[in-house]
Amino acid sequence: MNPTPIDRIRALRDARAQARARAAGTGRRWRRAGSPSALSRLVNAWWTRLLQSVYHGSLSAQEAEYTEHETRRDYLWNTAGTAVWGFSFPLLTIVATQLVGVEQAGMFSMAFVTGTLLMIAAGYGVRTYQVSDLDERASFASYQVNRLVTGVAALLIGILYCAWRGYDAAMWAICIGVYAYKVVDGAADVFEGRLQQADKLYLAGVSQTIRSAAVVAAFSVLLFITRSLPVASIGMAVVAVASLVVITLPLAHFETERSRAASLAEVTGLLRQCAPLAAALLLFNLIESMPKFVMEGALAYDNQLYFNALYFPAQGILLAGGFIYKPQLLRLASIWGNPRRRRRFDLIVVAMLGVIVLFTGAVALMMASVGIPAMSFMYGLDFERYRGLALLMVAAGGITAAIDFLYAIVTVLRRAGDVMKLYLVAFAASIAAPLALVNLMGLTGAVVSYLATMALLLVLLLIEYVRIRQAITRERNPFGPR
């Protein structure tokens with residue numbers, strides 16, 4: 001078989017490397033010198049793989065090189081990816097505060113809050129559904145088309161929102177850069193979901209880690225050089241798009257089975273079936289964000305920074321919960337699928353809620369001791385006056401983590417539609433409470449209203465979950481006690 005041009009390029013590159021090694025002394029020395037290049041070799045191998053796929057005209061024609069069912073790697077890289085992604089917002093706001101001041105950092109924070117809502121809209125609640133689609137009733141190609149539709153719609157909504165708010169040119173540029181980055185995050189999620197579905201979650205974590213770290217680095221460098229938030233925000237979006245095209249999309253196609261063609265019926269079916277998931281997630285994030293939207297109309301932008309900075313330690317609770325249960329969604333779906341193992345499923349739910357309570361207590365102790373001084377040092381601002389609000393935010397973070405976990409469990413049970421009315425009730429409360437309290441108490445009112453709304457939603461969700469489980473048990477055993 002004649003060598004391809006790619007093979008010839010690779011052979012020539014290896015020959016040159018060996019020649020340099022011989023000139024330097026010994027083969028062993030070449031291996032040592034090339035191992036600065038352990039990372040270089042990995043990058044070169046990846047580019048070669050990309051070029052080969054372009055030469056052959058198909059990403060899916062490449063053979064998979066990474067193994068599945070790597071539980072330890074799954075946890076390690078999922079934790080790394082989620083951590084870097086989750087803490088990118090705090091890092092970006094710290095950089096913005098230090099380089100361009102509190103007011104502009106508050107503007108950036110507001111854009112990021114809205115961008116996160118657009119990311120949720122782009123994701124359309126499909127990730128958990130996709131991962132637990134064990135029989136692949138919808139093809140990966142259909143999932144991709146579905147995400148293209150929702151991603152474009154989310155970006156258009158973001159543009160319309162900026163026009164409606166009447167932002168100036170600088171805020172427009174900041175928002176468009178942040179929105180594009182967050183919509184790319186939403187688009188990448190479908191490819192990372194495919195890797196998790198193929199039991200290669202660690203590769204999804206690698207993808208998320210690289211994208212998030214590259215975005216933080218690009219933003220920080222550009223802001224340091226230019227001192228311009230619009231320039232740094234646009235640069236952040238460009239890097240996010242590049243990482244999607246060069247890493248995330250090819251990795252999902254290289255490392256999973258070739259998908260059957262997309263089907264219009266499957267795409268519309270996903271839009272229909274995941275509508276309750278999308279609506280509930282969007283409502284939940286609107287509930288979370290409502291105090292910030294009310295503050296934007298009533299208070300100066302620096303309050304946005306303080307609110308988000310106080311929430312970041314609480315966000316650690318949400319992320320920690322995700323580190324534990326999200327890698328196990330595939331296995332939880334499998335356990336639930338076996339009626340004989342459903343008692344074990346219930347025990348896992350109770351245990352996970354207990355872990356969230358313990359972790360919330362640990363974060364509260366940390367904030368009461370070293371947390372506040374550490375925040376003051378990182379932001380260059382005085383957070384001591386907000387000590388009480390910080391502890392209220394930690395409690396809200398624990399409640400939010402419990403809500404997030406319970407919602408994922410309800411999705412695995414395929415009963416997400418049953419909780420929609422609860423989110424509508426909480427959404428109504430999230431509008432009324434901030435409108436009353438923010439105008440009355442300022443930043444304190446925003447924090448208190450957020451905590452109260454989250455507590456209401458958790459109580460409603462716990463009651464509904466118990467009702468769903470009892471209903472499923474009766475369906476299984478119609479002659480049992482009612």
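Modeller: Buried means under 20% relative accessible area, exposed means over 50%, and partly exposed lies in between, with a 1.4 Å probe and protein chains only. This is a predicted model, in which local features need pLDDT of at least 70, side-chain atom pairs count only at pLDDT 80 or more, and totals for chains, interfaces and linings use all residues. Residues are numbered from 1 along each chain as its sequence is written, and side-chain values use heavy atoms, with hydrogens and water left out.

Biologist: Is Ser88 buried or exposed?

Modeller: Ser88 lies in helix H5. Helices are DSSP runs of H or I with at least four residues, numbered from the N terminus. The relative accessibility of Ser88 is 1%, so Ser88 counts as buried.

Biologist: Which residues is Ser88 in contact with, leaving aside neighbours within four places in sequence?

Modeller: Contact means heavy atoms within 4.5 Å. With those neighbours set aside, the partners of Ser88 are Tyr181 and Val216.

Biologist: At what angle do helices H6 and H9 pack?

Modeller: Axes are lines fitted to C-alpha atoms, for helices over the stretch in contact, and angles run from 0 to 180 degrees between N-to-C directions. H6 covers residues 102-123 and H9 covers residues 169-197. Their axes are 8 Å apart, and the angle is about 35 degrees.

Biologist: Which residues of H9 make the contact with H6?

Modeller: H6 brings residues including Met107, Phe108 and Met119. From H9 come Met171, Ile174, Cys175, Val178, Tyr179, Tyr181, Lys182, Val183, Asp185 and Gly186.

Biologist: Where in H16 does the kink lie?

Modeller: A straight helix of 38 residues would span 56 Å at 1.5 Å a residue, whereas H16 (residues 342-379) spans only 47 Å between its end C-alpha atoms. The expected span is 1.5 Å times one less than the number of residues. A bend is the angle between axes fitted to the seven residues ending at a residue and the seven starting there. In H16 the kink is about 60 degrees, shortly before the proline Pro373, at Val370.

Biologist: Is Tyr124 buried or exposed?

Modeller: Tyr124 sits in the loop between H6 and helix H7 (126-131). Phi there is near 55 degrees, a positive value in a residue other than glycine. At 17% relative accessibility, Tyr124 counts as buried.

Biologist: What is the relative accessible area of Arg227?

Modeller: Arg227 lies in the loop between helix H10 (201-226) and helix H11 (229-254). Its phi is also positive, near 55 degrees. Arg227 is partly exposed, with a relative accessible area of 42%.

Notes:
Helices (H or I, at least four residues) and strands (E, at least two) are DSSP runs, numbered from the N terminus.
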